[in-house]
Amino acid sequence: MLRYLNERVLSPPATLAPERRRSFHIFLRIYLFVTAIHIVFMPIFLWIDVPALTALNLMCIGVNSLTILLHLRGKLLPALLIKLPFVITLIVAAGMLLGNNIGVEYYFFIILFEFVISDLERRYKIILSAILLGTFLIMLQWLFGLWGTWTLGEPAREMLHALNLMTTFILITYIALQVYIVSEITERRFRSDAYKDSLTGVYNRRAIIERAESLWRQQGSFALLLLDADHFKQVNDSYGHSAGDKVLRHIAQLLQHVLRERECIGRVGGEEFLILLPDANVDEAVKIASRLREELASQPCRLGKRILSVTLSMGLAWSHEEQLLNDVIDLADRRLYLAKSSGRDQIIAEGGESFDTTARYETFKGPSSTEEV
């Protein structure tokens, strides 16, 4: 149920810009929590028997509900600006009716905090903060107890002051915690997106090359397998690019299923994938490559009732075969080209030392490239 609420009911609208989703999640949690605080305070207002404050608190609950609805529809700034006047009215009225030393002025810090972390332009933040500060000073100097006809005993006053101080502390802590949690989640998502191919979910070219560079710096032995889906252009031409995308996702999922934990795969071109096999000798690497081809042959991609059979051509190279990582990648590249030109659907693990295909794969060359697929 909670998962459904988070993914469906409380999720940002699809039209909301990605850069505003962080603010969406933070303020949605704030509005829900603050609404709960207003509800908790209802018995307190009833206890001190101030009908005006009880009515204002009920009004704030209703306005917060409207604020949440607007927020869920992507109206972030209107939602924020609608609720604030009612909250400020409740704070000022409480000070005027109950007098000082009950701690209602602390809630101005909550409002100021909301201004600071909101998506408002800087000039509006300054203007609204100045208005808030002016209201705060006027309240302290002239408005406290202006209509104070409800007299509270010292124990009740001390209790309200402690309660308001504690509530302010809880709210500030909660808001700061939500800012941290949502920011951390957003940052992790950005880091993940920066290293994942958006179509297939495997590493993108930059990430897989960085992994290869890391293995190279460790001076460990590893195999590098470059593979390409045969006749992939015909799939796009015959069935459309959506079918081609499905085939690529299918290939990536099968490859990930076959590979072991330390082995990793990345998409380095349209239908090309690069696989790193740490500590794999010649026989092991060939067996893994053969298993990848067999897995795809036994589980072809299905498009409705249609079966899209796709084969793989592969080029294998080992880290000890060349002095530079660039050259190892180029060697696997040349062997892949030999596999394609020799009939496809095969693995080439030797030869290609003098065969030049630099022009054909120039966009891929270079382990330090940062271009993403």
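This is a predicted model: local features need pLDDT of at least 70, side-chain atom pairs count only at pLDDT 80 or more; totals for chains, interfaces and linings use all residues.
Local features need pLDDT of at least 70 and side-chain atom pairs count only at pLDDT 80 or more, while totals for chains, interfaces and linings use all residues, and side-chain values use heavy atoms, with hydrogens and water left out.

**Exercise 1.** Find how helices α5 and α7 are arranged, and which residues of α5 meet α7.

Step 1: Locate the helices. α5 covers residues 107–117 and α7 covers residues 154–195. Helices (H or I, at least four residues) and strands (E, at least two) are DSSP runs, numbered from the N terminus.

Step 2: Look at the geometry. The two axes are 9 Å apart, and the packing angle is about 15°. Axes are lines fitted to C-alpha atoms, for helices over the stretch in contact, and angles run from 0 to 180 degrees between N-to-C directions.

Step 3: Classify the angle. Under 35 degrees counts as roughly parallel, over 145 as roughly antiparallel, 65 to 115 as roughly perpendicular and the rest as oblique. α5 and α7 are therefore roughly parallel.

Step 4: List the contact (heavy atoms within 4.5 Å). From α5 come Y107, F109, I110, F113 and I117, and they meet α7 residues including N164, L171 and V179. By class, this contact of α5 with α7 has ten nonpolar, three polar and no charged residues. Here Ala, Val, Leu, Ile, Met, Phe, Trp, Tyr, Cys and Pro count as nonpolar, Asp, Glu, Lys and Arg as charged, and the others, Gly among them, as polar.

**Exercise 2.** Now work out how α4 and α5 run relative to each other.

Step 1: Read the angle. α4 and α5 pack at about 165°, with axes 10 Å apart.

Step 2: Name the arrangement. The pair is therefore roughly antiparallel, and the crossing of α4 and α5 is left-handed.

Step 3: Check the contact. α4 brings L80, K83, L84, V87, I88, I91 and V92, while α5 brings Y107, F108, I111, E114 and F115. The contact of α4 with α5 divides into ten nonpolar, no polar and two charged residues.

**Exercise 3.** Describe the linings of the largest cavity and the largest pocket.

Step 1: Start with the largest cavity. It holds about 360 Å³ of space. Its lining has 23 residues, with H38, F41, L90, I91 and Y107 nearest the centre.

Step 2: Sort that lining. α2 gives the largest share, seven residues. By class, the lining of the largest cavity has 18 nonpolar, three polar and two charged residues.

Step 3: Turn to the largest pocket. Its 13 lining residues include R21, R22, H25, T186 and R189, which lie nearest its centre.

Step 4: Sort this lining too. α7 gives the most to the largest pocket, with six residues. The classes in the pocket lining are five nonpolar, two polar and six charged.Step 5: Check the terms. On a 1 Å grid over the protein atoms alone, a cavity is a set of points where a 1.4 Å probe fits but cannot get out, and a pocket is an open set with protein on both sides within 12 Å along at least five of seven lines; lining residues have an atom within 4 Å of a point. Grid points are joined across faces, edges and corners, and a volume is the space filled by probe spheres set on the points.

Notes: Residues are numbered from 1 along each chain as its sequence is written. A crossing is left-handed if the near helix is turned anticlockwise from the far one by less than a right angle, and right-handed if clockwise.
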